[in-house]
Amino acid sequence: MVEFKQLVGDQIRNIRKLRGMTQELLAEQSGLSYSYISDVERGTRNISLESLGKIIAALGIKPAELFEIVDGDAKNPDADEIQNKIRALNTLIADRSVDEVNFLLTMAREFLNTIDRKGL
């Protein structure tokens with residue numbers, strides 16, 4: 001079983017990359033050192049709650065997002081990948097205005113309706 005600190009580190013790395021951030025930028029925005037961020041992401045550093053809070057704030061996420069772990073779905077082998085993509089989309093639009101999110105939602109609905117009508 002993977003250690004909890006490794007799971008947290010992996011999640012921080014995934015979210016950081018989805019945000020298009022380097023470790024250096026995350027370190028700068030969180031007020032932590034680059035080596036600390038690197039150690040946390042590799043699961044070799046036991047992170048304090050204070051530092052975790054700084055990283056969460058720098059990533060611009062809600063604390064719960066860091067701990068969302070998707071269980072596999074035996075009926076749908078793509079379930080994990082789909083959930084990862086949904087989280088990636090959520091991360092991309094989290095800082096957008098309500099009007100921008102509504103526009104994206106409208107576009108997604110239209111796109112899916114078009115696919116459904118064409119039977120793709």
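From the N terminus on, the elements of the protein chain run α-α-α-α-α-α-α. The secondary structure comes to seven helices and zero strands. Helices (H or I, at least four residues) and strands (E, at least two) are DSSP runs, numbered from the N terminus. The model is predicted: local features need pLDDT of at least 70, side-chain atom pairs count only at pLDDT 80 or more, and totals for chains, interfaces and linings use all residues. Residues are numbered from 1 along each chain as its sequence is written, and side-chain values use heavy atoms, with hydrogens and water left out.

Of the 120 residues of the protein chain, 27% count as buried. Buried means under 20% relative accessible area, exposed over 50%, and partly exposed in between (1.4 Å probe, protein chains only). Contact means heavy atoms within 4.5 Å. Among contacts in the protein chain with a separation of 6 or more, 55% come from residues 24 or more positions apart.

Helix α1 covers residues 4-18. Its 15 residues should span 21 Å at 1.5 Å a residue, and its end C-alpha atoms are 21 Å apart, which agrees. The expected span is 1.5 Å times one less than the number of residues. Val 8, Gly 9, Gln 11, Ile 12, Ile 15 and Arg 16 are buried in α1. These residues cover an arc of only 160° around the axis, which puts them on the same side of α1. The arc is that of the directions from the helix axis to the C-beta atoms. An α-helix has 3.6 residues a turn, so residues three or four places apart point the same way. Gly 20 follows α1, and its phi is positive, near 75°.

Gln 11 lies in α1. Its relative accessibility is 12%, so Gln 11 counts as buried. Leaving aside neighbours within four places in sequence, Gln 11 is in contact with Glu 65, Leu 66, Glu 68 and Arg 87.

Helix α1 packs against helix α3 (residues 34-42) at an angle of about 120°, with the axes 6 Å apart. Axes are lines fitted to C-alpha atoms, for helices over the stretch in contact, and angles run from 0 to 180 degrees between N-to-C directions. On the α1 side, the contact is made by Lys 5, Gln 6, Gly 9, Asp 10, Ile 12, Arg 13 and Arg 16. Val 40, Glu 41 and Arg 42 make it on the α3 side. The contact residues divide into two nonpolar, two polar and six charged.

The largest nonpolar core has 17 residues. Such a core is a set of buried Ala, Val, Leu, Ile, Met, Phe, Trp, Tyr and Cys residues joined through side-chain atoms within 4.5 Å. Ile 12, Leu 26, Ile 55, Leu 59 and Leu 66 touch the most other members. Two or more residues come from each of α1, α2 (23-30), α3 and α4 (49-59). The largest share, five residues, comes from α4. Not counting residues up to four places away in sequence, Ile 12 touches Leu 26, Val 40, Glu 41, Leu 52, Ile 55, Leu 59 and Leu 66.

Glu 24 is placed in helix α2. With a relative accessible area of 45%, Glu 24 is partly exposed. The C-alpha atoms of Glu 24 and Tyr 34 are separated by 5.5 Å, although these residues are ten apart along the chain. Thr 91 belongs to helix α6 (residues 79-93). Thr 91 counts as buried because its relative accessibility is 6%. Not counting residues up to four places away in sequence, Thr 91 touches Leu 18 and Arg 19.

Definitions and conventions
Nonpolar A, V, L, I, M, F, W, Y, C, P; charged D, E, K, R; others polar.
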